[in-house]
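Open the model in your viewer and keep the selection tool ready. The tour below goes from one stop to the next.

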Amino acid sequence: MLSILLLSVFGIANLFLGFLKNRQVLFIGAIIFVLLSFVANLIEWQNPLNFGSSINNAMMATNTTSTLFVAVLLLSAFLMLPLSKNYIQDAEAQPAEYYAILLFSLVGAVMMVSYESLMMLFVGIEILSVSMYVLTGANKRNMRSNEAAMKYFLQGSFATGIFLFGVALIYGASGSFALSEIKSYTSQTATISPMLYLGLMFALIGMLFKVSVAPFHFWTADVYDGAPTFFTMFMSTIVKTAGFAAIFKLLATSFVNTYNYWQLSFTILVALTLLIANITAVYQQSFKRMMAYSSVSHAGYLLLAVVAFNERSSSAILLYTLAYSIATISAFGVLILVSSKNHNEEYNSFNGLAKTNPFLAFVMTVAMLSLAGIPLTAGFFGKLWIFISAFERGLYWVLVIAAVSSTIGLYYYFKVIIAMYLKEPYKKEVAKIEVSLPYIVAFLLTTLLTITIGLFPNLILGLLK
Amino acid sequence: MITALWLVLVPLFAALITFFIRNQAKLIALVASLIELGLGFYIFTKFEPLAKLQFESNMPWIPSAGINFHLAIDGLSIIPFLLTVFLVPFIILSTFNKSYEKPNVFYGLILLMQASLVGVFTAQSAFAYYLFWEGALIPVYFLAAIWGGEENIRPSFKFFIYTVFGSLLMLIALVYMYMQTPANHSDEASIFYKLGFDSQTQNVLFWALFIAFAIKMPIFPFHTWQPDTYTNSPAPATMLLSGIMLKMGIYSVFRWLMPVLPTAFFENAFLVIILAVIGIVYGAVIAIQQKDMKKILAYSSFSHVGLMAAGLFTFQQIALQGSMIQMFAHGVNVVGLFFVVEIIQQRTQSRDLTELSGLSKSAPMLTILFAILMLGSVGLPLTNGFVGEFMLLMGITKAYISTPSFAIGMGVFAGLTLILGAVYMLRMFQGAMFGEANPKTANVKDLNWVEALTLIPLATMVFVLGIFPNLLLKLSDSTIKDLLISVVQRIKL
């Protein structure tokens, strides 16, 4: 709760800081603001603040799970912001507005993980989505950025509409927006109205669109590709984390009794997402598009944890989103640096990176290994935990598909590693890529976190019992 | 008190140090591997063959889920463990005449590989074991791919994808078994042994695990990655792959397959022995046709591992022990032979038998050591290869598969390895060493002291184990006996 208040205030403060015309202040300000919110979130976890029942009552709630997901969101934002250094130096950029929008979008994301009422969920989704539409088009002189923003906006608002329609139907059946009321309706009513099922289906479709689960993933590649890389990174981590936390929370609190209704269709979606995303990713020439499909495939694994639907699921989603987020930040961060030098986002722009800049190559390698789920990285335990929870549910055939998909995944993740270590440099004359201090700090943090969680997963898993 | 954790940590820390020190990487790596060898010798002297788990270190890893990080040495671990600590110093020493690009990374990866291999051989809990199993793959992949040159990118990648696919199947099987353990669950090997699955479940799990192991060994028909990867990788990577990594597959059958799934192990023994015997003959026949010395060794390795694998499935104490000692013997011989080929290639820029001849005139010491290692690999009496092969073949002829006459037939086919092995090995030896020297081979220098220092201990080991096989056999004898008894008791048909 405290983090929402702080982030909103800081967002406005950031707008005013824009008057200083000093981009360095904005840059440092935004990082400090996110860090403060992160700390405030942890403080609130230890000492729950009471804002009076009128706010808490059936609107939002802070508990361990939501605090931890907020922590993942804010940690990702904190690790990402240093990577915006190059971006704000662009003469065209308007950093004050962008940082403010980023902070506001985090408000939406925090709402999505700590809502207690479907209205709050809707507000959260809208805040996050609208921010994302704007940021996708941030590069306003670029046709592809504009096209991506338009596509995202049209399809996204359509999905939000479907979601809202679903919420209305759920309200019609249960008579309430509050999760607890809906829960008592689904658990105590003898014959649940078909309207509720229909509403649930619509609401879920709307949310699955946001986290890009197949077959609602068609926007992903174009939008990720068109958006400025920094915002692609933001989109692929924050939206996914918040989205899956929201989906799981919705199902786990209010719709426990309807498991049989959505289980089969979700299972099929998992299989479909994993296969489509991984096979399509193999054929990409552009690293950024590959990362787009890779994010779709990770949505598949996360959805598998949702389908498993047991006490391990939320810790699996937490660990996986954290592992995925920090690895994605590393990967896109390196891409920002590499593509700013080569003006190219294809695999071959990574050629020979190990020779020209071993540090970046190492960061990228750890990120790719983590995304591929190789042991000693956080990604392995994320995947293992999802597999374990899926096993508990007995989803054997999906697990086999997940194993095959992981193998396919190795192929495209290793293409980058092969390009970096085994190919000759892209252009002989390309000078060494300059890596400034904020980047080094962010990369060291992401890489160390990835390896530390890979060795001591209990640091995260022990938090949520 | 030295525990198994130390044995992993020493090479691991040495690897981290090596990564940051560019100039003296070679020396640091050698010193670290010698320290590890010293620790290995200490373990060897203190090891109690009759006791069960020793040098234990058991730490909670994810306590809420009952997952432990449990390392220990017992009668099954000790021989592959000793093999690892014995071979790595010589593998590092064998590179002293050659300078590799980025030596800090190169030697760091070798040490990282050693840490993982020791971990695989000492892990007593499933997820720690899996961690090391994959942890061994990454360094060797980079060694093979980065220093293997342009033509090795594809073969090593194929090898990588193949093995990881196998590993994922294995992971699923391990997770399934973990889920079946009582209450808060546990991933201890000893608890897995108590799980009594029905025959059908065991069969599914068996194949999920066995394919992973079979790819690593490799057993026919999972071997297609092997010859190209062995041939194109730089010599140290090939030595690690064939000398030690191959044994991961064999060892894993002892630890994670036979005692966990006894019924399926029994039911599939027939099929696996047939596959293994096909591999023995097929590998040997192809080896005879090859001209490239490294290819010959690659196929000979494929053929030899078939024999070790066949022995595992016989339910005979003698064959299981044979497999154990053959693991060690094969590791020593194949590393020595790959080094001999590397030396020849460095001197003549060729390892093609049609271009080589008459090396014995200019390099007598190389010839003698090559001969010793070659005879060990062929399995001449008094060499290390003989003990293992003899025990394995004897076990196979008595195997509990189908009818006794069928087992004898299998034994006869498997025994072809002795004859065919002699054919390709002698052909290789004669082709390279004897005959008229040509311009390429006439002025070859004999071994320098570093090379001699590498090959002489390996060649000595050929005789030491050939004459005193009991040095190793006694270490695993009682454990294997217990294992066999407990497995046979738990077979439910």
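**Stop 1: confidence.** This is a predicted model. It scores ipTM 0.86 and pTM 0.90. Colour chain B by pLDDT: the average is 88, and 100% of its residues score at least 70.

**Stop 2: where chain A meets chain B.** Show both chains and select the residues in contact. There are 22 from chain A and 22 from chain B. On the side of chain A that touches chain B, α18 (378-393), α19 (396-422) and α21 (458-461) each supply at least two residues. Which helix gives the largest share of that side? Select α19(A): 10 residues of the side come from this helix, and that is the largest share. Now colour the chain A side by class: 16 residues are nonpolar, 4 polar and 2 charged.

**Stop 3: two helices of chain A.** Select helix α8 (residues 143-174) and helix α11 (residues 218-226) of chain A. Their axes come within 8 Å and cross at roughly 145 degrees. The crossing of α8(A) past α11(A) is left-handed. To see the contact itself, show the side chains of Arg144(A), Ser145(A), Glu147(A), Ala148(A), Lys151(A), Tyr152(A) and Gln155(A) in α8(A). Across from them, in α11(A), are Trp219(A), Asp222(A), Val223(A) and Gly226(A). By class, this contact has 4 nonpolar, 3 polar and 4 charged residues.

**Stop 4: the nonpolar core.** The largest nonpolar core has 383 residues. Select the residues with the most contacts inside this core: Leu73(A), Met112(A), Leu304(A), Val140(B) and Leu209(B). Then centre the view on Val140(B). Leaving out residues up to four places away in sequence, Val140(B) touches Met113(B), Ala237(B), Leu240(B), Leu241(B) and Met245(B).

**Stop 5: Ser314(A).** Go back to chain A and select Ser314(A), which is in helix α15 (residues 311-342). Is Ser314(A) buried or exposed? Ser314(A) is buried, because 23 other C-beta atoms lie within 10 Å, and 20 or more is the cut-off for a buried residue. Next, show what Ser314(A) touches beyond four places in sequence: Thr65(A), Phe248(A) and Leu464(A). Ser314(A) and Leu461(A) are 147 residues apart in sequence, and their C-alpha atoms are 10.0 Å apart in space.

How values were computed:
Residues numbered from 1 in each chain as written. Chains lettered and ligands numbered in written order. Predicted model: local features only at pLDDT ≥ 70, side-chain atom pairs only at ≥ 80, totals over all residues. Helix = DSSP H or I, 4+ residues; strand = E, 2+ residues; numbered from the N terminus. Buried ≥ 20, exposed ≤ 12 C-beta atoms within 10 Å, placed from the backbone. Contact = placed C-beta atoms within 7 Å. pLDDT = per-residue confidence, 0-100. Core = buried A, V, L, I, M, F, W, Y, C linked by C-beta atoms within 7 Å. Axes fitted to C-alpha atoms, helices over the stretch in contact; angles between N-to-C directions. Left-handed = near helix turned anticlockwise from the far one by under 90°. Nonpolar A, V, L, I, M, F, W, Y, C, P; charged D, E, K, R; others polar.
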